[in-house]
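Please read the numbered points with the sequence and the model open alongside.

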Amino acid sequence: MKPAEVKYPPPRPSYLGVAITYPERDEPQPIDDLRTNLADKFLSLGGSESESTQKDSLGSQDHMQVYLRVRPFTAGETEQKEAQDCISIPDSSSVLVKPPHNSQACRLSEKANGSVAQKFTFTHVFGPDTTQAQFFDGTIKQHVIDFIKGQNRLIFTYGVTNAGKTFTFQGTKDNEGILPRSMDMLFNSIQGRVYNKMDVKPHRCKDYVRLTKEQVKAEVALKNSVLRQIKEVDCSIRSNNSRNCQDTTDFINDEGLTNSSSILSDMDDHLRHSEESKLALDGSAKFSVWVSFCEIYNECIYDLLDPISGDKFYKRKTLRLALDLKGYSFVKDLQWIEVSDSTEACKILALGKKFQSIAYTKLNSSSSRSHSIFTVRLLKIEDSDIPRVLKVSELALCDLAGSERCTKTQNEGERLKESGNINTSLLILGKCINALKTSQQSKAQQHVPFRESKLTHYLQSFFSGKGKVCMIVNICQSASSYDETLNVLKFSAVAQKVLILESCQNSEAVPCVQKKSAREVSFIINNADSKHWNSRKRATVQWDSRLEDVPEDGNDEEDSEEEECLDCTYQDDEEEEEDDGVQEDELVIKKDAYQKLLDLIEDLKTKLVNEKKDKLLMELKIREEVAKEFTDHFMQREKDFNERLEKEKELMEDRCDERIEIFQDLVRKCSKDPDEGEEAENRDRTTDQVEQTDAPIDGLYISMQNDLTAIKKQAMDAQVQIISIPDVPDIISKMEQKLKQISCDLSKTQEELKKKSSQLEFQNEKCSRATVQLEEADRKLSSHKQQIDQLVSMIEQKESAIDRLKDLVSHWEAKCEDYEKTVNGIKGEMIKVNNSAAGRKRPPEDHQDPVEQPPSKKGICSEQQSMKNPFSYVSMQRQNAANRKLYRLKRRKSATSNDVKWR
Ligand SMILES: Nc1ncnc2c1ncn2[C@@H]1O[C@H](COP(=O)(O)OP(=O)(O)OP(=O)(O)O)[C@@H](O)[C@H]1O
């Protein structure tokens with residue numbers, strides 16, 4: 001996104017973080033802090049020396065540094081048309097925010113005949129095209145340089161969920177964020193000067209502690225165990241990844257939290273050592289680097305380097321916040337691991353990330369559910385026989401969890417609880433920042449509620465002078481998160497007005513601090529601190545140490561041992577001091593010179609008084625200017641508001657007129673009502689007529705009315721009877737007796753009912769059995785019916801066969817008759833032939849029916865006869881054959897008739 005070239009009117013100082021454009025003002029108003037600008041002028045009058053002391057290495061004032069980073073749209077956001085030009089970057093230090101189209105904010109502004117564009121200024125604004133390297137160079141690089149030089153620095157991210165905080169902090173494998181880059185830069189700068197002996201270590205309440213040989217061994221063992229754990233986790237991730245063969249870099253653990261494994265498993269590829277990020281260091285001092293990593297999850301602090309057991313009932317150890325001797329908070333019992341190069345540091349970061357609470361939410365697939373704090377402590381050591389620690393500096397990098405609206409994330413259960421805790425702690429951070437700003441801008445001290453959350457409690461040290469603070473604000477440009485983004489920007493506008501003043505007893509003072517006893521040091525520091533802060537109108541309120549802090553008493557065993565170690569070193573220093581003292585005693589100053597010095601002091605005193613007077617006058621002038629500016633500004637605003645009020649008034653009058661017209665219309669309509677009443681009456685009448693025609697309904701209605709009167713009458717009678725009842729107790733006793741009787745009857749009836757029921761059950765059983773039998777019989781009946789049907793069909797077949805046979809019989813009978821006739825004819829012919837052949841010698845024998853006897857084959861005539869008369873023999877044979885045939889036919893006929901009879 002290219003910053004548009006917009007011409008602005010000369011900046012007008014304003015305490016308002018928001019510039020509202022009215023119709024007559026086309027351009028947005030630039031916002032600058034009145035106080036800041038005047039302070040600049042004030043300091044410049046004081047001379048170049050004061051300017052150089054006031055401005056830090058980044059070239060800005062003591063205010064909190066706030067950098068804004070705008071995240072590019074994701075593919076999903078582009079698809080959902082989230083790009084509505086809500087965010088624009090007019091120049092490198094400001095951002096313009098406009099409500100999305102059709103939003104309520106947009107409609108409201110349109111109603112007021114203007115458009116609301118809000119402008120916010122930052123130390124630097126980084127657009128969506130900014131690379132990780134550009135971002136690092138433009139923001140954190142200078143802070144890392146300061147850290148290497150011995151300053152304490154706190155860097156924390158702020159923004160809504162999914163705005164790119166973790167991406168900015170940690171980055172990805174190919175696109176590393178500020179943390180790995182910081183480590184790279186640190187180790188590039190101290191290359192070849194890393195102090196590996198591990199015999200001095202940062203300690204909870206002291207800046208550092210000397211370790212005995214046994215303690216060094218324990219430290220080495222601890223480091224090895226952490227490195228071993230990294231290897232183990234790395235192996236398990238690799239095997240997990242290869243088993244699942246998934247592209248995703250996150251996996252979900254038992255609690256539904258996801259663990260990032262990307263950096264850990266690819267850490268071997270991490271070594272880059274870019275020579276660009278490097279600070280040239282003077283001297284021969286060596287550096288010892290120690291890191292710790294913890295998280296604040298659901299208001300509990302956990303060490304992320306504490307080895308987690310595989311046991312599912314394992315409960316992580318919660319750590320507590322404690323105060324050190326300077327009144328700064330630190331996490332008690334947090335592990336510090338010595339690191340020799342950036343790879344080790346990044347591996348430790350990745351190991352901690354693995355154990356950090358990260359989970360899937362609707363808005364971010366790997367959303368941080370806790371605030372994580374990665375702290376680096378750098379010990380500058382003069383490597384001699386007895387190593388001497390010259391400086392101790394701290395770089396705290398906090399990746400805060402993002403604020404989230406539950407309506408958007410739709411979180412439930414554990415996620416909802418986490419959201420609640422995240423939002424609460426961020427809200428308290430906002431409250432603290434607000435209170436700090438208010439206190440610093442007014443003389444009245446205000447209570448800063450640092451103690452209301454673990455996060456603010458931890459951060460308090462930096463807001464109380466431990467070191468400079470830098471805030472990275474991450475926002476996304478999507479229209480749907482406009483409201484949340486606006487809130488973040490408003491918070492940032494307030495945050496950058498907070499003064500962060502480094503206390504003078506910074507780590508550089510460690511060697512001289514060690515010359516005093518611990519309690520003395522604490523007293524001096526606190527006194528100096530309070531003086532320093534009072535002179536600069538410090539706004540923080542002293543802590544209430546009654547709360548859950550664990551104040552360092554320095555009396556425990558461990559401490560006493562350490563104290564002994566420290567005493568040894570102090571002795572050396574004290575001896576040196578004594579030597580110096582002897583030399584000082586020998587120094588002789590001449591009286592003239594002494595007098596000159598006194599005069600000089602006097603002169604300086606008067607100069608100082610004059611300077612103070614001038615400054616007071618200057619302040620007066622500035623105040624007048626500020627007051628005038630304010631008066632002008634407020635007059636302008638008053639004018640604007642008056643004009644707006646006029647417009648609103650006109651608008652309201654128009655609306656009132658419209659409403660009066662509407663009411664008048666209504667009144668007119670109401671005045672026409674009598675006519676409408678008549679119409680209604682007519683309508684009623686017609687409906688009555690219709691009802692009258694509807695006779696049955698009418699009848700029903702009448703009968704119901706009758707019923708009703710009857711019921712009423714009955715009720716009246718009952719009431720009269722009740723009233724006329726003479727003696728109610730008698731009736732009650734009678735009724736009770738009756739009730740008893742009825743109860744007895746009821747019990748008898750119930751018994752009978754039981755009997756009947758049992759009988760009924762028995763009958764039912766019988767019935768069911770009978771039903772079963774009936775079903776069986778039914779089945780048999782149906783099978784019999786089937787058989788009968790088969791038989792009937794057979795009978796039908798047989799009958800048709802009989803009919804056919806009868807036809808045959810009648811046919812054969814007819815044929816028989818024919819044969820008989822033929823036989824008779826042949827007989828007659830034979831008789832005639834015989835008669836003619838025998839010549840009447842023998843009288844004809846009685847004629848026997850050939851049918852009666854089965855005719856022989858030879859027939860009735862002998863062979864002799866056949867021999868005698870061959871012709872008659874043939875005719876005889878024929879006759880015999882005919883007779884046999886006839887006989888067979890008769891037999892068949894009789895058999896058939898018998899068969900039919902039988903059937
Ligand atoms: N500058 C950027 N360029 C490209 N992608 C980015 C950028 N910033 C963020 N992202 C992507 O946006 C997504 C959300 O980012 P990230 O997880 O860092 O958000 P977050 O603010 O840390 O969220 P949460 O508070 O829920 O942990 C990630 O997929 C990340 O890769």
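Leaving aside its neighbours within four places in sequence, which residues is Tyr67 in contact with? The first point takes up this question, with the reminder that the model is a predicted one.

1. Tyr67 and its contacts. With neighbours within four places in sequence set aside, Tyr67 is in contact with Phe122, Thr123, His124, Phe126, Thr139, Ile472 and Val473. The residue belongs to strand 1, which covers residues 65-71. Tyr67 counts as buried because it has 23 C-beta neighbours inside 10 Å, the cut-off for that class being 20 or more. One of its contacts, Ile472, is 405 residues away along the chain, yet the C-alpha atoms of Tyr67 and Ile472 are separated by 4.9 Å.

2. Helix 6 runs over residues 140-149. Of its 10 residues, 7 are buried, so the helix is largely enclosed by the rest of the structure. The buried residues are Ile140, Lys141, His143, Val144, Asp146, Phe147 and Ile148. Gly150 follows helix 6 and has a positive phi, near 115°.

3. Helix 6 against helix 8. How do the axes of helix 6 and helix 8 cross, and at roughly what angle? The axes come within 10 Å and cross at roughly 40°. The two helices are therefore oblique to each other, and the crossing is right-handed. Helix 6 contributes Ile140, Lys141, Val144 and Ile148 to the contact, while helix 8 contributes Ile178, Ser182, Met185, Leu186 and Ser189. By class, this contact has 6 nonpolar, 2 polar and 1 charged residues.

4. Helix 8 against helix 11. Helix 8 (residues 178-189) also meets helix 11 (residues 342-355), the axes coming within 9 Å and crossing at roughly 155°. This pair is therefore roughly antiparallel, as the angle lies over 145 degrees. The crossing is right-handed. On the side of helix 8 the contact is made by Leu179, Pro180, Met183, Asp184 and Phe187, and on the side of helix 11 by Ser342, Ala345, Cys346 and Leu349. The residues of this contact divide into 7 nonpolar, 1 polar and 1 charged.

5. The C-alpha atom of Phe187 is separated by 8.2 Å from that of Ser340, a residue 153 places apart from Phe187 along the chain.

6. Two loop residues with positive phi. Asn162 is a residue other than glycine with a positive phi, near 70°. Its place is in the loop between strand 6 (153-159) and helix 7. Asn162 counts as buried because 25 C-beta neighbours lie inside 10 Å. Met198, likewise not a glycine, has a positive phi near 65°. Met198 is found in the loop between helix 8 and strand 7 (200-201). With 19 other C-beta atoms within 10 Å, Met198 is partly exposed.

7. Which residues come nearest to the ligand? Of the 16 residues around the ligand, these are Gly164, Thr166, Ser367, Ser368 and Gly402. Helix 7 (165-169) and strand 18 (367-368) each supply at least two residues of the shell, and helix 7 provides the largest share, 3 residues. The shell divides into 4 nonpolar, 10 polar and 2 charged residues.

8. Helix 14. Helix 14 (residues 454-463) is mostly covered, with 10 of its 10 residues buried. Among them are Lys454, His457, Gln460 and Phe463. Just after helix 14, Gly465 takes a positive phi of about 110°.

Terms used
Residues numbered from 1 in each chain as written. Predicted model: local features only at pLDDT ≥ 70, side-chain atom pairs only at ≥ 80, totals over all residues. Near = placed C-beta within 6 Å. Helix = DSSP H or I, 4+ residues; strand = E, 2+ residues; numbered from the N terminus. Nonpolar A, V, L, I, M, F, W, Y, C, P; charged D, E, K, R; others polar. Axes fitted to C-alpha atoms, helices over the stretch in contact; angles between N-to-C directions. Parallel < 35°, antiparallel > 145°, perpendicular 65-115°, else oblique. Left-handed = near helix turned anticlockwise from the far one by under 90°. Contact = placed C-beta atoms within 7 Å. Buried ≥ 20, exposed ≤ 12 C-beta atoms within 10 Å, placed from the backbone.
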